[in-house]
Amino acid sequence: MSGLPPPAAIALAVRLLEAEGFVVTARNERGDSVYLSPPGEAFALRVSNHARTPKQRRKHPEVLTSLVLHGSTTPAQIEALAARSLRVFRIERERRANVPP
């Protein structure tokens with residue numbers, strides 16, 4: 001099975017996450033990063049073709065995890081990565097909910 005280039009891989013990952021109930025809350029100007037959240041939640045999951053920088057991590061602590069898709073990625077790989085990102089998102093959301101103020 002052939003791999004998808006990053007823009008198509010990001011689009012597929014976004015569709016998979018939307019199927020899990022997430023909604024797109026923001027996109028960067030270049031279109032290479034998409035932020036999704038469950039409705040009514042402040043926490044976000046980021047889909048992008050590059051990792052976040054330390055500055056981005058400090059400025060946007062609401063992003064619990066990132067799904068980074070660079071290079072050629074097959075649909076099956078994207079499905080597995082999206083499922084992993086959902087697990088990490090849910091674990092991190094639970095962890096933050098249990099941290100005393």
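In which sense do strand 2 and strand 3 pair, and over how many bridges? Strand 2 and strand 3 (residues 44-48) are antiparallel, with four bridges between them; two strands count as paired if DSSP finds at least two bridges between them. In this pairing Y35 faces R46 of strand 3.

The model is predicted, and local features need pLDDT of at least 70, side-chain atom pairs count only at pLDDT 80 or more, and totals for chains, interfaces and linings use all residues. Residues are numbered from 1 along each chain as its sequence is written, and side-chain values use heavy atoms, with hydrogens and water left out.

The protein chain contains three helices and four strands, in the order α-β-β-β-α-β-α from the N terminus. Here helices (H or I, at least four residues) and strands (E, at least two) are DSSP runs, numbered from the N terminus.

The four strands form an open sheet in the order 1-2-3-4, and the pairing is mixed. Strand 1 and strand 4 (63-68) are the edge strands, each pairing on one side only. From one strand to the next the twist averages 30°. Helix 3 (residues 75-97) packs on this sheet, where it touches strand 3 and strand 4, and its direction makes about 170° with that of strand 4. Contact means heavy atoms within 4.5 Å; axes are lines fitted to C-alpha atoms, for helices over the stretch in contact, and angles run from 0 to 180 degrees between N-to-C directions.

Strand 1 (residues 23-27) is joined to strand 2 (residues 33-37) by four bridges, also in the antiparallel sense. Opposite R27 stands V34 in strand 2. Five residues lie between the strands of this hairpin, in which G31 has a positive phi near 80°.

The largest pocket holds about 180 Å³ of space. Its lining has 13 residues, of which N28, R30, Y35, Q56 and H60 are the closest to the centre. A pocket is an open set of points on a 1 Å grid over the protein atoms alone, where a 1.4 Å probe fits, with protein on both sides within 12 Å along at least five of seven lines; lining residues have an atom within 4 Å of a point. Grid points are joined across faces, edges and corners, and the volume is the space filled by probe spheres set on them. Strand 1, strand 2 and helix 2 (54-59) each give at least two residues to the lining, and helix 2 has the largest share, three residues.
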